[in-house]
Amino acid sequence: MLVMVFDSWTGVVTTLPNGIEMGTGPLAWDDSDFLGIWWENLVTLNASGRSAITTPSRSSSSWTVLRQLMSVPESERPIRQSEGTVPSLFDANQSEFHGIVSHSSLSPINVGQPTTSQVAHIMPTSGFFHHSRDSTIHHGIFQEIHGSQHTTTNVFQPQPRQPSPPVNIHTKHLSSLFTGREEYLEKLRHHFENPGMSKKQRLYLLYGLGGIGKTQICLKFMEELEDVVPYTFWIDASSEDTIISSFKAIVKSTDILVGNSGSSAQQILQEIGKMKKAWFMIYDNADGPPSLVQKYLPQGNKGNIIITSRNGALKRLTSNCGTEVTQMRDDEAVLLLVKAAGFDDAIMDKEGYKEIISKLGCIPLAVDMAGAYMQATQCSPSDYLELFSKEFKKLMNEEEHAEFSDYGYTTYGTWEISMQRIQSRIHDKKHLGPESAIDILHVVAFLHHVDVPLDMFRRAAEGNRMKYGLKPKLLQLDASGSWSQYFFNSGMQELLSFSLIKKDVTQNTLSMHPLVHRWLRDRLPETDVKQKYEEARFILCSSVDPQDIDYGYWLALVPHLKANNEHGGKYKLQEDTQWQLYRMGCVFLKTANYADADYQFQKCLELDLKLGSDYPGLFSSMNNVGTTYHEQGRLDEAEKLLKIVVDGLKLKFGCDHSDTLTCMNNLAMIYQDQGRFDESEKLLKVVIESRKFKLGHDHPDTSSSMNNLALTYHKQGRLAESEELYQLVVESSRQKLGYDHPDTLITMNNLVQIYMDQGKWDESEALFRHAVQTLEMKLGHDHPHTLNAMSSLASCYQKQSKWDESEKLLKVVIESSKLKLGHDHPITLHCINTLAQSYYCEGRWEESEKLFQLVVESRILKLGPDHYDTLYSMQNLASTFHYKGRWNESEKLFKEVLEVLQVKFENNHPLTLRVMNNLAVLYCDQGKWDESEKLLKEVVEQGKLRYGLQHPKTVSPINNLAKVYEKQGNWVELEKLLQEIVEERKLRLGYKHPDTLSAMDKLALSYEKQWKWVQAKKLLKVIVEERKLILELYHPDTLSAMDRLAITYEKQGRWDKSEKLLNVIFDEIKLKLGPDHPDTLTSMNNLAVSYRQQEKWDESEKLFDMVIESRKLKLGHDHPSTLITLSNLASSYLGQGRWHEAEKVLEEVVEKSKLKLGHNHPHTLEFVHNLARVYRHQGRWEESDLLLKLGQ
């Protein structure tokens, strides 16, 4: 009798001529294609024993094959086998179901007498097979033939009885489109190096999501070993039934186990373990518990075993040897898509393909299905993308699309298998995990797919919204209503066993592939989507406690809150409650996502307004909206809204109600940022008095308002009042909260800022260090308060010119802030700005500019172009342009910032005055002395009104005005102004204060310009000695004073003293700052000038050359400082009578100065005058006179 088996046939049967039944499927194949598939699934038996009908090549005529088949007697023709009639392999009364398949002959083959030609191409099968180049693996075994020796082969596994789940008898084959995956193949090669010579059994696990390509990787690896490993056993490990069936197929067809047809699985494993030749055993789709596979592993120390599974827990069987198979690399996925689509590489739409694989998440199954669909329908990448956007779910899930690719399942279908297995165990009381797992998945489906904080579930369960009464299982509660970590862990274990999620143990988060994430939503019935979305939102918001701010956790929630909002908008499901909106708004506000916070609070306000003006939460929502306006720099809107809130609360609850006082405090801080210090001070005093009366002097709310008032004093330069108030708050906090409480330390940090402004740097540094150490211990190294304190310590280092310490600390702070708060958080940007200022002060202009530019761009995106912080960064960038000699860019940016400030703030706002001062300094350097003088006089007058004469913010522009007088040669006004400054500082700060000494240094300079060398020398000696004691010898201010003293000696003709002092200065600066620092180069220039004055021409020229080369490299060939040094070199040539060399240098300097600075710039005019002198020395009187006339 001849029997024909159609393996997993899903078509219908058609009766062909002579009574043969032929299957047809849903696709329209031609006859040769159909027969190729048909013959691959054909096995023959006859009554007398083993025989086979050979598989024809695909080039053979299909009707020739049919004619051969029809020549068989009717009693032996193939018949269609009905379901449920498959004979058992171990039934002695049934015929054996095995045979040999040859690819080279159409004649029946007697198994007992095979020839090499008859088995030239053997198709590999599940079980025990020989590898071929185009491997197709079926569930069964076949024989390897070497010369005249042979081993019996079973081509197909029989249909099993009806186990649950049914035995998988689908064809396994290496796809002809297999692409890449080299990283996993290399791991297998390394692990199974020299498989035929190993004396130790080796096991390896490939695990990962369904459809990720585990089996294909294994098949590819086995193909590589076809010439090395003679035996491979392929086991379908999807269930115990399929495992047993695979072993039965082995024992029925291998000569190694002849006579053992009744052997148990363990006996079969023992026999395999005794085999001398190298062998591999593949346990494919081992998705059950580890114990199932462990039960059927060969014993002993021989053989090589690979397990493929969705369950990473099976690594316990492989001694943790294994790897997770994840999505393909982009380049691999693109290549697979191109192959599957069948398009020509030369005309490949690369961007279209990249977009497709990006949307598919580089999952091999999804990519292959997409390519196969594109090939079958001949649609272009752009057409597919358009269809994808409209029919995504159908493309991923409809069965008809699975037929386009080599896989047996759709993309969604392969994951649905996992879900069905989980659901099948829900009602089994032995398993706690399935129900928990499904609840977890449904929550995560409406969050972001990456880094979901697992602590969210516990926080939600333990939160205070339990009265809203969602089902206990959703919140992972036990019978007593308490959080059950065990129940939750069981659910996580279930999900991990199918690789549906990944868990980051370090961060305690879970993530999933974005396509799996979408599948979870797409598989939900429409009636369930709203419920699952609301449950996810409930979990999110319930996990937030507004009274207990946890920055790290809140920051981790941000992407999930945003994703949840997006899902709600997409499905049009958002029916928010006030408490949810409020909590989301709090998270966004505290994590500096101000636009999102504004949106949430606005929606909350809209709901409150619908409930009427008497609704209790209305004023709270208005205050929250006003707070977001404030943080966004929308000060006028914030002020307007807060005034309404304050007035409303006063009428409703009274002036001393806690809510009224809170809003008054917030309004006062808006006034402070607007520069309206008088109004801020007045309002804060009212709040403080009321809180003292109602809450007590030492209540935290009272202390908070006092801290804000002290800050107002500080910003006005009222340092003594500010210091006194800060000290009161610190002392109160120490007694009430403790010395090391964060609130105490934060106020202390503000107090230390006062000490810094007073020049008490040693005390400031010690206190900052204590604050940092304590906050690190109490709150953690990356808490925002700790980061602020560390930034303040770095600023203190900068004040002392400890650049290395400052830079090192700031880099640590920046990295911690990026990780904790994000790249664009205000604290992160503030620290980057501080580091840029450090580079600026060190003369590292390129690095400074790069960082300032980064801060400006980030703040524009985050806060807007007219926010205070943005404008502050822009003026810093403009200052960098200034000192790099890019004066036109600097002027343009300063004016742009000033224009916004004058519209947004009052003319005497601190930042407005700062920008006016910096612009005036730029005008001075440009030689626009009249414009500079006019601007600085306005700044000085406004500063006196706002801060008083003693404040540093008033004194700084006075110093700059003195510099303008110096440039103008107005020495009388300069001396008068500086004497006033010196006397004021002596009274306010003391004789030895750094700011007093700085003013004395400027006064000494005015004496020097008037040739009052005695007075200048007297002052400079005092300054140098005091600075050596206060700042140390190498401090820039000390060296600057020494430089001024050296010039004084020089002007008095005391060259030896001048040279000695200049050498000391040069050595110290070079050691401290490096050979190419701007200050080092200035010192070298001054020393060279001293050598020139002493006619030490060689020493002078050598130093000038070094300075010129360094300044050309660092600042540019046309930078003013470079041109000045070139002019000095020319003067040295002139002193030696080297007229032609002096002329050549000066002509170059004059031309570059005209282009860079303009014809009328003071430096240009000075260079022209020096060139005219050279002409006169050469007797070229007419050229000299003409040049001077043109210069005038």
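1. The charged end of Arg 459 sits over the ring of Tyr 553, 3.9 Å from the ring centre. The criterion is NZ of Lys or CZ of Arg within 6 Å of the ring centre and within 35 degrees of the ring normal. The model is predicted: local features need pLDDT of at least 70, side-chain atom pairs count only at pLDDT 80 or more, and totals for chains, interfaces and linings use all residues. Residues are numbered from 1 along each chain as its sequence is written, and side-chain values use heavy atoms, with hydrogens and water left out.

2. A search of the whole structure finds 18 aromatic pairs. Tyr 412 and Trp 415 form a tilted one, 6.2 Å centre to centre with 40 degrees between the planes. Rings of Phe, Tyr and Trp (its six-membered ring) pair if their centres lie within 6.5 Å; planes under 30 degrees apart count as stacked, over 60 as edge-to-face and the rest as tilted. Both residues lie in helix α13 (residues 411–424), three residues apart, about one turn of the helix. Helices (H or I, at least four residues) and strands (E, at least two) are DSSP runs, numbered from the N terminus.

3. Tyr 412 has a relative accessible area of 2% and is buried; Trp 415, at 0%, is buried. Buried means under 20% relative accessible area, exposed over 50%, and partly exposed in between (1.4 Å probe, protein chains only).

4. Phe 446 and Tyr 533 form an edge-to-face pair, 6.1 Å centre to centre and 75 degrees between the planes. Phe 446 lies in the loop between α14 (433–444) and β15 (452–453) and Tyr 533 in helix α18 (residues 526–542), so the pair ties together parts 87 residues apart in sequence. Both Phe 446 and Tyr 533 are buried. Separately, Phe 192, Tyr 204, Phe 221 and Phe 280 form one aromatic cluster.

5. Helix α47 (residues 1139–1157) has 19 residues and should span 27 Å at 1.5 Å a residue; its end C-alpha atoms are 26 Å apart, which agrees. The expected span is 1.5 Å times one less than the number of residues. Buried residues of α47 include Ala 1142, Glu 1143, Val 1149 and Leu 1157. The buried residues of α47 pack against α35 (887–904), α46 (1120–1135) and α48 (1162–1177). Gly 1158, whose phi is positive, near 105 degrees, follows α47.

6. Asn 908 is in the loop between α35 and α36 (910–925) and, at 18% relative accessibility, counts as buried. Not counting residues up to four places away in sequence, Asn 908 touches Leu 913, Gln 942 and Arg 946 (contact means heavy atoms within 4.5 Å). The C-alpha atoms of Asn 908 and Arg 946, 38 residues apart along the chain, are separated by 7.2 Å.
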